[in-house]
Amino acid sequence: VVGGTVYIGSVDGNVYALDAETGQRRWAFPTGSSIRGSSPTVVDGTVYIESGSNLYALDTSDGTKEWSFSTKDAVDGVLVSSPTVVNSTVYVGYGKGLYALNAETGQIEWNFSTGGEVYSSPTVANSTVYFGSNDNNVYGVDAETGRKKWNFSTGDRVSSSPTVVNGTVYVGSRDGNLYAVHTNHTKSSNGSRVLQGTLGHHNSFAERGPTQIGEGGDRDEET
């Protein structure tokens, strides 16, 4: 919900903008594909959302398409990661990796490949993009260059989406554990998903602390 408007994607293939108080439809944008996994994020008058194998940037005022980005590397033809926007860059998972796109033009700034599908939605803290992959790893990638800083190995797929609080990455794995992975900084997640409350509640979570943390896993750092 941004500025009194609810933005949602639907399995009927439409992106809807609804009045938050009345539910009245303000506009609808047809994507042509079911929107099953991705949730929208809104920054500076633009809605970013994935549908099928496309990422769309839509004008919040009337739903006009500003640009779209298409990839053939979607998982089963569907992009399911939700985008986040930080410093005019859109970060979003695709088939087996992560894209960084210019938020105004949709042009590729860089892409990073992993050994498995990426269902995880990325988060950014201290100029590092954190996300999980079905190759059992959590990755930390330089937000500007796409260079891998480190990866942390778990016992199974990491399709959940991480959040970072005071320099600690919290993420779940299909191995049944919740991991708290320390970084070399004290920053927390920032960007569009944090500002809109769709990624964690950092103040209350940081005060309360994690209730259960999985043990094990191996972390590899790039030099």
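Q: Why is Asp156 called partly exposed?
A: The relative accessible area of Asp156 is 27%, and partly exposed is the class between buried (under 20%) and exposed (over 50%), with a 1.4 Å probe and protein chains only. Asp156 is therefore partly exposed. The model is predicted: local features need pLDDT of at least 70 and side-chain atom pairs pLDDT 80 or more, while totals for chains, interfaces and linings use all residues. Residues are numbered from 1 along each chain as its sequence is written, and side-chain values use heavy atoms, leaving out hydrogens and water.

Q: What makes Arg157 and Asp156 a salt bridge?
A: A salt bridge needs a side-chain nitrogen of Lys or Arg within 4 Å of a carboxyl oxygen of Asp or Glu. The closest N and O atoms of Arg157 and Asp156 are 4.0 Å apart, so the pair counts under that rule. Arg157 is partly exposed, at 35%.

Q: How many salt bridges does this rule give?
A: The count is 2. Arg26 and Asp19 also meet in one, at 2.6 Å from N to O. Side chains of opposite charge can pair when their charged atoms come close.

Q: Why is Leu55 called buried?
A: Leu55 has 0% relative accessibility and therefore counts as buried.
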